[in-house]
Each structure stands twice: as structure tokens, then as C-alpha cells.
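Work through these exercises with the model open. Each task is followed by its solution, step by step.

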Amino acid sequence: MPVSVLESSLFKDMFGTGAMRAVFDDDATVRRYVETEVALARVQGRLGVIPAQAADAIAARSDAAAIDMEALRIETEIVGYPILPLVHQLSRICGAEGEYLHWGATTQDIMDTATVLQVRDALEIIDADLAALDDILDKLALQYRDTPMAGRTHLQHALPITFGYKAAVWLLMVRRHRERLAQLRPRVLIGQFGGAAGTLASLGDQGLAVHAALMQELGLGATPITWHVARDGLAETVQFLALVAGSLGKIAVDIMLMMTNEFSEAFEPFVKGRGASSTMPQKRNPISCELMWSASKTVRQHAGLALDAMLQDFERATGPWHIEWSAVPEAFVLTAGALHQAKFMLGGLEVDTARMSSNLDISGGLIVAEAVMMGLAPHIGRQTAHDVVYDACRYAATSRRRLADVLKEDARVTERLDGTAIERLCDPANYLGAAPAMVDRMRAYSLSGRA
């Protein structure tokens, strides 16, 4: 049986997606190894490093589908890495010209470059998912721009906001992640080719030319020096994924709380049987949110692993590199799974605006105590107004009366404000501040950070 939910036939599509798994599965990995070896032969043939006819034969005959995966597995366990066994098989497939395979390269060159090619594909998936989520949140922010609800701090009523404002805060995170992704690509999508110790010594004075041509052939960037032990690029990638998953986890926490019976303000889309309990027929559990929350926790651990993998010794590491073999693909799969759940959940989110309004009034106007204080302040001073309203709030809370009614009985208030003014100040819909305007500003906020 599988030891990971990412491979389990029961759970894999809850925690990941088929598209992302396909980027990192064994067949895809071997294809990227072969692609890199073929690209190296091509450019070396063009530069005269190996015979042109050998490069042509390697390009024509190399076929990842022809690799014996079982033999590759067995030999990889012996060698510790898959490239030497792979080159042996490719060499036989290519015939005599196969002797020119892997010319001047080292195992890590091929594996790192293949990983970067996979990361490039994986980032395309993440980018598309973020763009789709951006569109969903933008629509939510617009639809509920002016829908009042209780804003909560420390899980207590604070001030009124709008649900569109809440969605726009989520949108801000997504837009910043899209910007981070664009900034990330040039630092991460760089190929690896340095030879045994990174100096390309085996290629003499042609090493740098081969390096440049190989990166151009693969459509990757190039660094001025080998990055065998400079792992910050891949570490940054996993930190980025942890940030995305963390934001999705925050959204999940909000929706999970809003789904509680006590709030009942928003719900995951209804699908018959989804979130059902084996014993409690009334249950409607927040399944997508739970999966998003779980991913946020797990990807955070992978971010820590990726940082640990940066601590590499001398010019080629003795083991930290292996950490990336788990951390990178698993972080991508988990993040893709969380994004999939977020698109489903937010794309079909059920919002109960009537319940939001009811919850907003649950304190009998206490949520707008600040509005009353600020309304009184010009007449009696801010601190005095604070003390007057504080006393009124305490009495309203203990007597379970409306704040407006209590205020109307306080001469210190009625000497300055009439009943109409008190009611106006105690209406949460009149104290939304700049929330609707902020929604408009956020929706106009471009990925460059400018409206």
C-alpha cells in the first residue's frame, strides 16, 4: 500500500492533482533526463565538441519510452543515482554513437537541469491556478462590495466591514503571489552544467560555450558560475509555495469559522454527500477548507526542508541534495491540490447575506460603539466620549438592551445628539469606513503594484 496520501488511490486527488503529479512522475522525470542529454549532444555536435553525426544519431535514437524502468530502478539502488544507469541504457539504444553521450557532464548537471525543467512546467500550472483564483476572488469582491458584516478581531466583534472587503483582502494575497511568481522565474529557471566539480575542466576552452548553448537550447537562463551547491533558487521556490499554501490556509480558516452553526455566514458548495458524517446526518463539514489547511501546514514543513538542503559542503554535497528530491515535488503537488480545492470552494461559495446582517446586529449596536464615541468627541472631547460610551456599552451588555436605547437615556449624550442622530450612529451600515472604496482600489491593483 502507498505510504503517502500523494500516491494513494483513495486520497491522491484530494491532496494533489493529476496534472501536477504528471510533471514529476517517474516517466516525466526520465523524459527530462533524456531531453537534457540529447540537448547536450546537439549543442556539442554544433560546436564540434563531439562529431556532428554522433549528435544527430543520439538525437534521432534516444527515446525515453525505450528505457527499461525496472532495470533502471535496480541499478539506481546500486549506484545511488539514476544517471549512470540511464546513460548505459541510452548508449546501447544509440549504438556506437552513444559513446558520445554525457560528454563532460556530471550526474548532478543532468538531474538539476531536469528538475528545473519540471519546475518550469509546474510553475505554469501554479500560475494558471492563481490567475483563475484571482478571477474568482475579484468577482466575489465586486458582488459583495457593499454587503455589511461583522469584522472580528481576537474572534470578537470589532467594527463593521463588508464581505467584499474580506474577499478583496484575500485577493491582495493572490495578486502578490502572482507578482512573486513572475519575479521568481529568472532566479529559478536556470540550467545546470558544470562538470565534476563545477569548473567544466573536461571541456577545456569550450566549456563556457557549451554551457551557454545548452541553456539556449533548453530555453533556460544561465548563471555566470556553477550552482551545484548554491541551492537558494530551489529553496526560494519552495518558500514561495509555502506562502501560497499559507494564504490558502488563512482563507480556509476564515471559511471554516464562517461555516460554523453559530455564524452560518458562508458555506462550501453543496454537493450531495460531501462533508457528510457516518453517524450525524445533519453534518456539512468544510472538506475543501480542511484540505487547504492541511496543505498549508505540510508545505510549511517542506519549506523548512528546502532551507536545510541549502547547507551543502564544499563543491558537491554529501547528502542535503537528496532532501530536495522529496521537498520540491511534494510541495508542488500539495500546493496544486490546495489551489484546486480553493477554486472549487470559492468558485461555488454560498454566502448568506441575511445571516451576516443578523450577526452584525447580535450585539445590539455595540459593534459601532466607536462610531458613537467619534460622534460625541467633537462635543465633549474624545476621552470623555470614550468613558461615556464605555459605560453605556457595559450597561447595554449586562441589561441586554440596544445601545441606542441606552444612549437615549443618558443626558450626557442627549444634550448633544438627538434620537435620529443616535440611531444613525448606531447603524452598522453607516460605519463601513473606506471598505467599499478599498475593494475598488484592490480590484484595480495591478501585478506591478499600481492601480
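Ala, Val, Leu, Ile, Met, Phe, Trp, Tyr, Cys and Pro count as nonpolar, Asp, Glu, Lys and Arg as charged, and the others, Gly among them, as polar. This is a predicted model: local features need pLDDT of at least 70, side-chain atom pairs count only at pLDDT 80 or more, and totals for chains, interfaces and linings use all residues. Residues are numbered from 1 along each chain as its sequence is written, and side-chain values use heavy atoms, with hydrogens and water left out.

**Exercise 1.** Describe the lining of the largest pocket.

Step 1. On a 1 Å grid over the protein atoms alone, a pocket is an open set of points where a 1.4 Å probe fits, with protein on both sides within 12 Å along at least five of seven lines; lining residues have an atom within 4 Å of a point.

Step 2. Find the centre. The lining has 30 residues, and Phe24, Asp25, Asp26, Thr29 and Trp325 lie nearest the centre.

Step 3. Assign elements (helices are DSSP runs of H or I, at least four residues; strands are runs of E, at least two; both are numbered from the N terminus). Helices H2 (18-24), H3 (26-46), H5 (69-79), H7 (107-143) and H12 (320-347) each give two or more residues. H12 gives the most, with 8 residues.

Step 4. Sort by class. The lining holds 14 nonpolar, 7 polar and 9 charged residues.

**Exercise 2.** Characterise the interface of domain 1 and domain 2.

Step 1. Domain 1 is 5-357 and domain 2 is 363-435.

Step 2. Count contacts (heavy atoms within 4.5 Å). Here 10 residues of domain 1 touch 9 residues of domain 2.

Step 3. Look for salt bridges (a side-chain nitrogen of Lys or Arg within 4 Å of a carboxyl oxygen of Asp or Glu).

**Exercise 3.** Which loop holds His102?

Step 1. Locate the residue. His102 sits between helix H6 (83-94) and H7.

Step 2. Check the backbone. His102 is not a glycine, yet its phi is positive, about 60°.

Note on methods
Domain bounds come from an automatic or database domain assignment.
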